[in-house]
Each structure stands twice: as structure tokens, then as C-alpha cells.
Amino acid sequence: PAGMRGRGESVPRAYVGDRQDRPLAVVFDPKGRLQFSKNGLPTGEHVVAVLDPKIDEAHLARLRRAGVSYVFQGDGSECTEREKLSAALAALEETFGVKRLLLEGGGVLNGSFLAAGLIKEISVLVCPTVDGRSESAKLFSWAGSEELSPAEGVRLKLLEAEPLANGVVWLHYLNTLA
């Protein structure tokens, strides 16, 4: 895409904005599509963007002006999705001390983490509603190769099931092979 760094161009360094000891909200935005005017969410968390290392310098400058922190998923070399996500997690740990991440992504991001074998636990709230449309959001979707099954090898062990208000049920699973 236009504006992305080419081969041989240096990989930018992570940037830490003014966090002020706030909790983090990590957004996976490899193509730099999200635009921020400030470095926090309305709920108070400090925003950290995970970007492709080939991202346009102009986008990085916009993030720095807004005070949004960022790290990169890899070094720009060709690598697998697992390697990219693992590099992003390593950068989050190195830069911010993050050892555990609550993944609240959409089905595609969740599916990418699942296919990469990076999900250790799954916590699901089942709400008593019915949609039935095929285009409805899914907990896990896979946008990658059709030859790969993202859930291959996943074995879930139920740790806890708890009924909540209004018919909601919380299910907590451990991926025993992660």
C-alpha cells in the first residue's frame, strides 16, 4: 500500500506516550487505519497501537502528536501470522511489562490468535438472544489459508460456568494444548 515503508528502510522504534499509570487498551491496527486525536479512551485507558513495521512515518507522527503509544508486530521481514503476533506480544511485554492480554477483538483477530496457538483461556458470556443471520459476528473467524484449520489442536477444559443476571451465563475454559 501507498505510504508503507519499503525493503531496506529502517524499522521504527516503539514509542511510549504519556501513560500516567493508566491501564492499557491495545489495538491491533497493522495498516494504520485508526485515527486518534488523544491518547486515551473515554473509559480512561491509555491507547497502544500495534502496527506493521512498514507503516508510513506520517501515521507514526500523527500518533505521537496525539500521545498514542505504539509497538510493532515484527521487524518487517516476511514471517508467519504467529511470528507477527508473538513479536507484538514480546514488544508489549518489553515496552509496557504486559504479561497477560485480555483479547476483546472481533472474530478475525480472535481467529488469528487461535490459529497461532496464542490463546490460553477463553471466557465467554452467553446472552439469551438469537440472531441466526449468517453474516453475524462470530467469536472466531478465519481469514487465512483454507488449508489451515485455526482450531486444530485446540482442546478446551471447562474451568467454570456461572449463571448471571438476566439469563446470561459465563463460561471459562482453559486451552489445554496452548
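The second largest pocket holds about 460 Å³ of space, where a pocket is an open set of points on a 1 Å grid over the protein atoms alone, fitting a 1.4 Å probe, with protein on both sides within 12 Å along at least five of seven lines. This is a predicted model: local features need pLDDT of at least 70, side-chain atom pairs count only at pLDDT 80 or more, and totals for chains, interfaces and linings use all residues. Residues are numbered from 1 along each chain as its sequence is written, and side-chain values use heavy atoms, leaving out hydrogens and water.

**Second largest pocket**
- Its lining (residues with an atom within 4 Å of a point) has 20 residues, and P30, D52, Q73, E81 and K84 lie nearest the centre.

**Largest pocket**
- Here the space is about 850 Å³, a volume being the space filled by probe spheres set on the points, which are joined across faces, edges and corners.
- Of its 26 lining residues, L101, L103, L118, K120 and E121 lie nearest the centre.
- Two or more lining residues come from each of α2 (81-96), α3 (107-115) and β4 (121-126), and β4 gives the most, with five.

**Sheet**
- Three strands form an open sheet in the order β4-β6-β5, with antiparallel pairing; strands pair if DSSP finds at least two bridges between them.
- The edge strands are β4 and β5 (156-163).
- Strand β4 is joined to β6 (residues 169-175) by six bridges, and V126 stands opposite V169 in β6.

Methods
Helix = DSSP H or I, 4+ residues; strand = E, 2+ residues; numbered from the N terminus.
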